[in-house]
Amino acid sequence: MAHLFISYSRADREAIEKLAATLEAAGHSVWWDRHIRGGASFAKDIEAQLVKADAIIVAWSPDANQSDWVKDEAVFARDKGRLIPICLSDCEAPLGFRQYQVIDFQKWKGDQAAAEVQSVLNAVAELTGGAAPVFETATPKSLIAKFKTEPAYMAGAAAALALAAMIYVFVIHPAFEPNGELIFTEVRGPLPAPAEISIAVLPFVDMSPEGNQEYFADGLSEELLNVLVHVDGLKVASRTSSFALKNEALSVGDIAERLKVNHVLEGSVRKMGATVKITAQLIDARDDRHLWSETYDRQLSDLFRIQEEIATAVVVELRNQLGMKESAAVNIKTATRNMSAYDTYLKARKLFAARGKANVKESLRLFEQAVDMDPAFAKGWEGLAAVYGVASSYSILDRDYSALALAANKKALELDPDLSMPYAVIGLTYRTHYPTPWVESFDNLNKAVERDPKNASAWQWLGMNYISVGAAEDAINAFNACLDVDEARHLCRRYRSAANLFLGNNDTAMADASANAEVNYFGGFDAYIPIFLERGDRIMAFAASRMVNWRAGFPHKDYISALEDPVNQPPDRLEIFTAWGGETNVDVADKTNLMLALRAYDKINVDTFDNDYEDLWLPQFAHYRHSAQFKQLAEDLGLTAYWRARGFPPQCHAVSETDFECS
């Protein structure tokens, strides 16, 4: 039998589901897109199925006539000579397809033996050279005949009558008015507004002829997400979460359930030279109902206006459908009028988001190229500053990237003082200086979150600052804000866990560790080894040590022993680790957590400190905080100066103008 492809609009899904089942019952294999999702694989799957199909059934309707996807598939079917057009409603096909005879399904109720179904089967047979199967029309029995020949039918009929009565009482006929008049209501129309209105913006699909514009489609999706996240009363799934589902074969309902949202915005992008065609559609994921769709066929230079129109349409539709409260009008600034610079910027941003040394280096080159093309491109300078700010973390050390980051941020703010990220990057960059100017770092990060409370990176770095200075409660508040914006940000969950460890909230800390482990993130797991030991789980303690200290030959037994009984250690314990370091080319003095476990405090100084400030405040290292070495390190790291300017954390206090104590 034949392999059939059905092209349709989402609004017609119910009818298509019945048709597909009918054609399968006739012996054909049928592909119709039950798993609509974002991502490059979506377009590839469709193309593969189109090529494979023996016949392509295109279901015209008002929604389908406006769908670029349906029309593109119809063009393919027409050009390959495999087109079987049917009509679900309003039977005028779009221009280019009106010369084809259309099979009318407007009155079809799902009957397999209906004439319109037989017409489709005949058309398939004509295309494929096979024989058309015929469904037999069964002569319906009368009610009396059914009662006589099928005794069970009587019981079923009675149950049906009882059900009908309940429906009448509780749905159709809910109440009597005092005067005895019956009030009839109908249950139909959209679902009631959810308690929380939420949306996920899926990565738009690249439908460009060469298939090489994924970065552009991703950039458009991300810009829309960034706009919607600032709409009052609308919760938006983070980029991290929605883009993680990019190539998964999930239905809209599955995506919504995974991301905990009730609406989905998806679409496609076709970029050709100086023109761009963007299709967007908004879906109520609770019942897979198509709320709004639009196609924008414009010049590329009109891109920012298109973004504004899409975001505005989404907000208006949600407000009209669900009564979402009024918010400020959507307004998107024109980032640059040099579209080549913007295109280069989007390429750079995608690479930077992917991370990895090679990607970061290439994104740095492209960001520099973008601002060369348009020196007034504020967001280009902002992106360049962000790459400069992390370059040294990826062992890119050929220039003074700290100074370059500060200069690029200054340029970005001169061009657009309302930007948030430059302040955040300045605050982060100050952390690489010793002694760290913590006051200036905090002030810039606070400016960042004041300008954009949805800047998850700024909240993360602010929380890390609070971790560094020992302010656990403030750190938890910052990480909570970070995770409210980006629930999938592993670092915010990791550091929130560390802050809870400081406070002795071990169960809360372990819950965050477990959530990270479920998504294969194990950063900072050395902090939990003492917890496992405290709970008597030495096997898990060794497993965590093996995960963190992964180089071959690490003396795990000696490390665990040092944490279990730090006082009664043999005098040569440090030498054991030093010897291991010599064999593996590791300077053990640079591993602050190891030196703390071994109580080798004299090895910890501003030159060897590994910048993991959370190690300084863990309960198992309280002894170190009473040492002269800790006081010296705090002075060299700029912590003491910050405390005297802004106040000591709860566990520390000044004992004189030049001395302090920490518990």
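This is a predicted model: local features need pLDDT of at least 70, side-chain atom pairs count only at pLDDT 80 or more; totals for chains, interfaces and linings use all residues.
## Overall picture

A residue is called buried here when its relative accessible area is under 20%.

In secondary structure, the chain comes to 29 helices and 15 strands. Looking at contacts with a separation of 6 or more, 58% of them come from residues 24 or more positions apart.

Now for the antiparallel part. Strand S12 (residues 275–284) has 8 of its 10 residues buried, so the rest of the structure largely encloses it. What does S12 pair with? One partner is strand S11 (residues 263–272), which runs antiparallel to S12 and is joined to it by 10 bridges. Another is strand S13 (residues 289–299), again antiparallel and again over 10 bridges.

Both pairings are hairpins. Between S11 and S12 there are 2 residues, and Gly273 in that turn has a positive phi of about 60 degrees. Between S12 and S13 there are 4 residues, and here Asp288 is the turn residue with a positive phi, of about 55 degrees. As for individual partners, His263 is bridged to Asp284 in S12. On the S13 side, Leu282 faces Trp292, and Ile283 stands opposite His290.

How many residues does the largest nonpolar core have? The count is 151, and Leu228, Leu265 and Ile310 have the most contacts inside it. Helix H11 gives the most to this core, with 10 residues. Apart from it lies another core, of 26 residues, with Ile84, Phe105, Val120 and Val124 among them.

Setting aside neighbours within four places in sequence, Ile310 is in contact with Leu224, Leu265, Ile278, Ala280, Trp292 and Tyr296. Trp292 is also the residue of S13 that stands opposite Leu282.

Arg319 belongs to helix H11 (residues 303–322). Is Arg319 buried or exposed? Its relative accessibility is 18%, and the cut-off for buried is under 20%, so Arg319 counts as buried. With neighbours within four places in sequence again left out, Arg319 is in contact with Met324, Lys325, Glu326 and Ser327.

## The disulfides

A quick reminder: a disulfide is a covalent bond between the sulfur atoms of two cysteines. The structure holds 2 of them. One joins Cys482 and Cys492, with the sulfur atoms 2.0 Å apart. Its S-S torsion is about 85 degrees, so this disulfide is right-handed. Cys482 lies in helix H19 (residues 472–485) and Cys492 in helix H20 (residues 490–502), 10 residues apart. Both of these cysteines, Cys482 and Cys492, are buried.

The other joins Cys652 and Cys662, whose sulfur atoms are 1.9 Å apart. This link is right-handed too, with 110 degrees about the S-S bond. Cys652 is in strand S14 (residues 652–654) and Cys662 in strand S15 (residues 660–662), so the pair ties together parts 10 residues apart in sequence. Cys652 counts as buried because its relative accessibility is 5%. Cys662 is buried as well, with a relative accessible area of 4%.

How values were computed:
Residues are numbered from 1 along each chain as its sequence is written. Side-chain values use heavy atoms; hydrogens and water are left out. Buried means under 20% relative accessible area, exposed over 50%, partly exposed in between (1.4 Å probe, protein chains only). Contact means heavy atoms within 4.5 Å. Two strands pair if DSSP finds at least two bridges between them. A nonpolar core is a set of buried Ala, Val, Leu, Ile, Met, Phe, Trp, Tyr and Cys residues joined through side-chain atoms within 4.5 Å. A disulfide is a pair of cysteine sulfur atoms within 2.5 Å.
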